[in-house]
Amino acid sequence: MNVVNTVDPRDGRRRATDLNETDESRLEVVAGQASRAAQWLSGLGRIGRAEMLDRIAASLESRRADLVAVAEAETGLSQARLETELTRSALQFRMFGDVLRDGGYVEAAIDHAADTPLGPGPDLRRMLVPLGPVAVFGASNFPFAFSVAGGDTASALAAGCPTVLKAHPSHPLTSHASADAIGSAIRDLDGPDGVLTTVYGEQAGRSLVRHPAIRAVALTGSVGAARAIQAAIDERPDPIPLYAELSSVNPIVVLPGAAVDRGDAIAEGLFASFTASGGQLCTKPGLAFIPADRAGEHLVDVLRGRVASAGGTVLLNERIRDAYESGATAFERAGARVSARPQVEPGEGFTVAPTLLEVDLPGLTAEIADECFGPLMVVVWYRDVAELDAVLATVPPSLTGSVHRGPRDDVDAVRGLVDVLAARSGRIVFDGYPTGVRVSWAQHHGGPWPSTNAVHTSVGATSIRRFLRPLAWQDAPEWVLPDELRDAYTAIPRRVDGKLESKGE
């Protein structure tokens, strides 16, 4: 077996771990355990799974210090950032406990037998049920919240789906420690092996998505990774869904009135948003459209000063470092000018300099309007708000689009921008910044390709929908029905004979 290595991005040193890449024989065992664990998860029911998720959250929090220390050594992310991310992970598990207790996510519907214009109609009852074991690919940039202890895992387990995690090579020890924390909570409930398992290695990932036991795949990663996984899925005799969150530019438009009223504050906000966590966030703003007037120039002057005085930032791995540097070079070759970039001494690790580029609106090409993962943002100077609608329609669709308004900015112009952004993004942010994704019932984290490849989101309560399928029962005896579809059951909202009924009705 090949040994799994870990690398500290702060010094670039590679170290062997006690973990091994998962071979085919082990993968067969894992898949078999996951298939058998599905029955246990189903037997827990919604309320039992909610308790399990609460226990997982508590287990993660009880190991906070150890988990954060391991992740800091493997990712170079700050302790404060990792503390916040671990809190978010625990919050996600608890939120899905609330989703389960509410029960509305099953979309229970009952149509009693009745005469219809087409003749006698049968008794029909429908709800969403678990797909079965699912595969989740951990993300490089979120060692907790989008990896083993992430929202994909929380939503899959909430749905009743055993989960096999393919650990990201940037943080294998963090993945192992997170899985152990989750497994401890499951064992406390006498859960079997296979409810959650972690596998390691690129070949294991390909074999995992080909395995007949796996019924869906979730990924937060690159377009290239998604294409590779889809190619492996296409080798299956039976297709399964891939839910992927991929590439995003997240344009921000600063209107003239906003630049006048709060230019300094916007400059600070832009700097924090595109450099946070080394710019390694899927919601990082890559393009900022700034008015080419006195207020806009002042705003960018402040932004230049913040960038020029910034130190270097450590990126997660060598591949990301190399892609960042080549991306910045490609933007410059395509016509973007360096606006600010601090001098950073090269070190042994994966340290880079934050980069602010600028281009006049006519020079915004497809090469510049692309994602560059890392602390880079392009200022796009515009002279007339009327120019923006057509230009934004050529920017790649994204997870988010943002508009900063001032009291003197034209309302119709704002409506026009919102219409364009609504057609090309999944979330529109007003007078704020796209980084910082709230975990809540109303949140959505998707958008048109290439930001995501499906209409279902990877954040928020509705992300559970990815791991469920509809099942209808026709003229079924009551004893075979799930509790949620029995006439006397009123603990969840249901649609009965076309009428939406709240709990207790």
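1. Thr-198 is in contact (heavy atoms within 4.5 Å) with Val-148, Leu-165, Ala-167, Ser-175 and Ala-179, leaving aside neighbours within four places in sequence. Thr-198 sits in strand E9, residues 196-199; strands (E, at least two residues) and helices (H or I, at least four) are DSSP runs numbered from the N terminus. Thr-198 is buried at 14% relative accessible area. Buried means under 20%, exposed over 50% and partly exposed in between, with a 1.4 Å probe and protein chains only.

2. This is a predicted model: local features need pLDDT of at least 70, side-chain atom pairs count only at pLDDT 80 or more, and totals for chains, interfaces and linings use all residues. Residues are numbered from 1 along each chain as its sequence is written, and side-chain values use heavy atoms, without hydrogens or water.

3. The largest nonpolar core has 95 residues, and Phe-93 and Phe-289 have the most contacts inside it. Such a core is a set of buried Ala, Val, Leu, Ile, Met, Phe, Trp, Tyr and Cys residues joined through side-chain atoms within 4.5 Å. Helix H1 (residues 24-62) gives the most to this core, nine residues.

4. The count of salt bridges is 35. The rule is a side-chain nitrogen of Lys or Arg within 4 Å of a carboxyl oxygen of Asp or Glu. Glu-85 and Arg-81 form one, at 2.7 Å, N to O. Both lie in helix H3 (residues 79-102), four residues apart.

5. Glu-107 pairs with Arg-465 in a salt bridge, at 3.8 Å between the closest N and O atoms. The two are 358 residues apart and link distant parts of the chain. Glu-107 is partly exposed at 37% relative accessibility, and Arg-465 is partly exposed at 22%.
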